[in-house]
Amino acid sequence: MNPYKETVDWLDRRIGIRALLHQQLTGYLLPRNINIWYTMGAVLMAMFGLQFLTGILLLVYYVPDTEKAFASVTMIMNEVPYGWLIRYLHVVGSNLIIVFLLLHMLSVLYMGSYKRPRELTWVSGFILFNLGLVFCLTGYLLPWSQLSFWATTVATDAAGAIPIVGDFLIEFLRGGPSVGEATLGRFFALHVMGLPMAFLALVGFHLFCVRRIGISAPPFGEEYQPKLTYGFGHEEHPNGVPFHPHYTVKDLAVVFFALALLVAITFYAPWLFIPLDALTPADPFTTPEHIKPEWYFLWAYQTLKIFPSEFLGLAAQGAAMGFLAMLPFIDRGPERRPVKRPIFISLYLLGILLFVGLSMWGHYS
Amino acid sequence: MDDATPKERRTFLTVILGGVGAVVAAVAGWPLFRYLSPIDKGSAEDLVRVARQEVAVGGAHFFSYQGRPAVLLQPSAGEFLALSAVCTHLGCIVKWVDDKQEFLCPCHGGRFSPAGQVLGGPPPTALESYPVSLDGEDILVG
């Protein structure tokens with residue numbers, strides 16, 4: 001008697017598990033020239049899974065109260081066994097997620113995988129990227145440190161540059177005229193309930209789009225030909241490699257590399273993401289000097305500074321983000337090979353340089 | 001030496017990843033268990049100080065001892081007893097019945113004497129007692 005076979009047989013008689021596994025895993029064929037950049041989705045799912053797990057564990061001891069939040073985080077770090085490990089994994093993990101989200105987006109842009117018929121996949125992915133940033137912003141306030149308090153004050157204050165509704169928007173975001181108990185309450189609710197639910201729903205839609213439309217073949221090699229699609233059609237790869245075990249093993253290997261990086265930073269350089277101001281409890285009457293946002297918001301911070309008015313800075317950011325969100329509807333040619341898209345690739349490189357340049361300028365200014 | 005086939009390489013990678021995964025899961029299990037285990041507060045909470053005036057003669061004073069409900073009695077002037085207030089039947093908290101000078105468990109009617117001995121009902125054993133000493137105007141339990 002083989003317990004594994006017995007279990008599969010039992011499931012097969014009830015829900016047809018063998019046909020399902022064949023359809024979704026072993027019989028699901030991917031392009032033969034699929035590359036490592038296609039593993040970013042699996043890496044992100046693993047990293048987000050870890051964020052959910054460590055987040056739930058932090059909730060065991062965290063107290064969302066302005067009088068107790070900092071002390072509860074200090075207790076997690078200093079008194080709870082391995083509390084430092086859980087918190088550092090959560091903090092470092094959130095930063096690495098932004099890195100992997102950027103890499104995922106950059107690879108999709110480079111290979112033109114956002115193009116028709118994958119507009120919805122791109123738009124849902126872009127919203128997921130923004131949700132990731134809001135996750136970071138709301139989570140940043142929760143320790144109720146000087147850094148949390150003032151970073152949130154500055155971030156919410158930026159909304160005031162929007163004409164007419166700016167002042168209302170600031171108060172609405174904060175739940176009052178300044179960052180306080182009401183802000184902590186709404187940011188906490190968003191961070192632990194609202195955003196995760198929206199995020200899971202959107203990830204489900206994103207994966208549905210990926211599976212329904214089919215994996216896009218990398219636009220490299222002699223066999224690649226630009227395709228014009230009109231009606232719906234699942235992109236098949238008849239001579240491809242099975243998703244399982246061929247690609248799942250590669251997915252898993254890259255996931256392990258990402259986790260190794262996470263653990264390495266967690267153990268050897270967690271201070272990269274925990275500056276000194278994060279070690280002092282919030283004081284609404286004392287602004288620390290040289291308060292700066294997290295690295296992934298530095299470009300936005302610097303943009304606001306270089307424009308003559310905050311409104312223009314915000315408008316420039318909105319235009320850039322809006323352009324990215326709508327890219328599949330603007331860039332509609334079927335050609336996906338980077339060498340055949342010199343204008344796009346030039347803009348792509350300039351965009352990366354601008355992001356890095358503005359971020360460094362913001363950091364050192 | 002022959003080159004390994006793609007299938008052999010994949011099998012090798014699967015074994016390595018499975019092994020590393022098993023080790024990581026095992027290593028991660030211990031911090032997770034410790035993180036969720038009750039925090040040892042040390043010996044600071046082993047000794048509880050209660051003011052003598054809190055415990056009337058013939059009365060009872062409920063307090064927390066090592067995270068559990070406990071009760072202090074003064075059956076006669078200057079004589080103090082400390083007991084667990086957790087019924088030994090199913091863990092309900094006993095209450096002090098002043099006019100009968102005994103404990104009653106409201107859940108299933110268990111009765112205990114001021115010394116914690118079972119007087120009636122389903123409790124299988126006496127209430128746990130704690131050492132008591134006096135320190136000036138305070139009573140030290142533990």
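Which residue is the bridge partner of B:His61 in S3(B)? The notes below work through this predicted model and come to that pairing under point 2.

1. **Annotated spans.** On chain A, the record gives "domain: Cytochrome b/b6 C-terminal region profile" for residues 233-365. That span is 59% helix and 2% strand. Its end C-alpha atoms lie 51 Å apart. On chain B, the record lists "domain: Rieske" for residues 47-141. Here the chain is 0% helix and 48% strand. The end C-alpha atoms of residues 47-141 of chain B are 6 Å apart.

2. **Four-stranded sheet, chain B.** The strands run in the order S2-S3-S4-S9 and form an open sheet. The pairing is antiparallel. Strand S2 (60-65) and strand S9 (129-130) of chain B are the edges. Each has a single partner strand, so one side of each has no neighbour in the sheet. S2(B) pairs with strand S3 (residues 68-76) of chain B over six bridges, in the antiparallel sense. Within S3(B), B:Leu72 is the bridge partner of B:His61. That settles the opening question.

3. **Three-stranded sheet, chain B.** A further open sheet of chain B has three strands, ordered S1-S11-S10. The pairing is again given as antiparallel. Strand S1 (48-51) and strand S10 (132-135) of chain B stand at the edges. Each of these has a single partner strand, so one of its sides is left without a neighbour in the sheet. Neighbouring strands of this sheet are turned by 30° against each other on average, direction ignored. S1(B) pairs with strand S11 (residues 138-141) of chain B over four bridges. B:Arg49 stands opposite B:Leu140 in S11(B).

4. **Helix packing, chain A.** Take helix H6 (residues 119-141) and helix H7 (residues 146-157) of chain A. Their axes come within 8 Å and cross at roughly 135°. That angle makes H6(A) oblique to H7(A). From H6(A), the contact uses A:Leu137, A:Tyr140 and A:Leu141. From H7(A), it uses A:Ser148, A:Ala151, A:Thr152 and A:Ala155. The residues of this contact divide into five nonpolar, two polar and no charged.

5. **Contact between chains A and B.** Chain A puts in 15 residues and chain B 11 residues. On chain A, helix H3 (40-61), helix H5 (83-110) and helix H10 (243-268) each supply at least two residues to the side that touches chain B. H10(A) gives the largest share of that side, six residues. The side of chain A that touches chain B holds 12 nonpolar residues, two polar and one charged.

6. **A:Leu304.** This residue lies in helix H11 (residues 298-306) of chain A. Is A:Leu304 buried, exposed or partly exposed? A:Leu304 has 19 other C-beta atoms within 10 Å. Burial needs 20 or more, and exposure 12 or fewer. A:Leu304 is therefore partly exposed. Leaving aside neighbours within four places in sequence, A:Leu304 is in contact with A:Ala158, A:Glu310, A:Gly313 and A:Leu314. A:Leu184 is 120 residues from A:Leu304 along the chain, and their C-alpha atoms are separated by 25 Å.

Notes
Residues numbered from 1 in each chain as written. Chains lettered and ligands numbered in written order. Predicted model: local features only at pLDDT ≥ 70, side-chain atom pairs only at ≥ 80, totals over all residues. UniProt positions renumbered as here; feature names shortened; annotations may be inferred. Axes fitted to C-alpha atoms, helices over the stretch in contact; angles between N-to-C directions. Parallel < 35°, antiparallel > 145°, perpendicular 65-115°, else oblique. Contact = placed C-beta atoms within 7 Å. Nonpolar A, V, L, I, M, F, W, Y, C, P; charged D, E, K, R; others polar. Pairing = 2+ DSSP bridges.
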